[in-house]
Amino acid sequence: MGDEVERIEGAVDDEAGRICADLIRFDTTNRGEGVARPERPAAEYVAGLLDEAGVEAKIVESAPGRASVLARIAGTDPSHPAFLIHGHLDVVPADAADWAVPPFSGEVRGGCVWGRGAVDMKGSLAMTLAVVRRRLREGRRTRGDLVLAFLADEECTGEYGSRYVVREHREVFEGCTEAISESGGFSVQTGGTRIYPIATGERGTMWMKLTARGTAGHGSKPAPDNAVAEIAHAVSRIAAHEWPVRLTPGVRALLDGLADALGTTIDHDRLDAEAERLGRAGHLFAGTVRNSANPTRLDAGYKVNVVPGTATAQVDGRYLPGTGEEFLAVVDRLLGPKVTREFINHEEAPAADPAGPTFAALADALRSEDPLARPVPYVMAGGTDAKSFHRVGITSFGFAPLLLGPDLDYFGMFHGIDERVPLDALAFGTRVLDQFLSTR
């Protein structure tokens, strides 16, 4: 086994590592609500790499500087379905004071590329660019057209990125019914078993703004109709609510796959305890067995001795497929009659087929580079640009393959500090993607 792992982790793909480091050096921080550094410089870099490989890439802007890159590479068989690879150029904020290295340095240290976006998701973009450039240098094309989308604004609503391109540039995606993108295909080591979760779905999104209205007045007087108190009580009720377990088909498939891979049984009646028992493997389902609603922001007032007339809060709501109406009914009950809600962002919960040929091809590609791989279907707790493509009939699988050491907390680096990706993992992922694209 040790010899096998050493062979798998051997060669380093310099091109993927170099591209990853270069992309990290573009500060594409997205703070949400339209406050973002422009993705345009990173988009121009990506378009330049594609141009070097003979690909005609188009940079499209939804607003000044908010740029995405689209490309369509002709396949060898015009009658074969096109296939999409999509990913995002923007990243969440990073406070340099918290990091061991400057977060936009792209520094290579200890065999890893460090920086904001190494995991989410400039490392994945680097693998895609490296494999596409290599295949074109070698004269190898997919059977159907290969469509590439490097997108702005995924770390907010996608309004400046994926939503814009599916609305304004729909022709680029003509004939695409399936895609791959982020948040799947990475190894999770549990004992002597390497599990590779391939994302086949994600929870739906309901980001909500809550508003309480009362009577404004002097802070020294009785205030029975206090908007701040009303919003605080509502937020407290939401935060304290215990959402029941709801096992969807996608999560059941994951539980069955984990039980088989690990040679154990998983008690569906005590899944919280089972998630803790299974460690990192348990993390794969801990956040997807129930709906959730997390208060994330409060706004009210402007002066200590003034009772404001309104108070607002924001809540990040996530719901499992088929539970949207139940979710909203519970939220409305918890809010009570004096608090209203409106959507900041509302997206359905997309799903892909874990029993279909594309999942099988993704699993085979992993096993071709890691014979010990145990691929399983996986439902993401969060959301991706897959939701926008789902709107136009394109089903996405989460597949950014990486072979990781057992000590690397991959989950903890999503939006965390000291984000980094091993160079040999990027090399592994590039080879896996190459194997998969040979089936398209």
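Which strands does α14 lie across, and at about what angle to β18 does α14 run? Helix α14 lies across β4, β5 and β18, and its direction is at about 65° to β18. The model is predicted, with local features needing pLDDT of at least 70 and side-chain atom pairs pLDDT 80 or more, while totals for chains, interfaces and linings use all residues. Residues are numbered from 1 along each chain as its sequence is written, and side-chain values use heavy atoms, without hydrogens and water.

**Three-stranded sheet**
- Strands β4, β5 and β18 form an open antiparallel sheet in that order; helices (H or I, at least four residues) and strands (E, at least two) are DSSP runs numbered from the N terminus, and strands pair if DSSP finds at least two bridges between them.
- β4 (108-109) and β18 (420-422) each have a single partner strand, so one side of each lacks a neighbour in the sheet.
- β5 (residues 112-114) is joined to β18 by 3 bridges, and W114 has R420 as its bridge partner in β18.
- Helix α2 (residues 14-24) packs on this sheet and touches β5 and β18, where contact means heavy atoms within 4.5 Å.
- The direction of α2 makes about 15° with that of β5; axes are lines fitted to C-alpha atoms (for helices, over the stretch in contact), with angles from 0 to 180 degrees between N-to-C directions.

**Helix pair α11 and α14**
- The axes of α11 (residues 357-369) and α14 (residues 423-437) come within 8 Å and cross at roughly 135°.
- That makes α11 oblique to α14 (under 35 degrees is roughly parallel, over 145 roughly antiparallel, 65 to 115 roughly perpendicular, and the rest oblique).
- Among the contact residues are T358 and E369 of α11 and F428 and R431 of α14.

**Four-stranded sheet**
- A second open sheet, also antiparallel, has 4 strands in the order β12-β14-β10-β15.
- β12 pairs with β14 (residues 310-319) over 8 bridges.
- Helix α6 (residues 227-240) lies across β10 (204-213), β12, β14 and β15, at about 15° to β14.
- Helix α10 (residues 324-335) touches β10, β12, β14 and β15, and its direction makes about 20° with that of β10.

**Aromatic pairs**
- There are 9 aromatic pairs, counted for Phe, Tyr and Trp rings (six-membered ring for Trp) with centres within 6.5 Å; planes under 30 degrees apart are stacked, over 60 edge-to-face, and the rest tilted.
- One of these pairs, W243 and F327, is stacked, at 5.1 Å centre to centre and 15° between the planes.
- W243 lies in the loop between α6 and α7 (249-262) and F327 in α10, so the pair ties together parts 84 residues apart in sequence.
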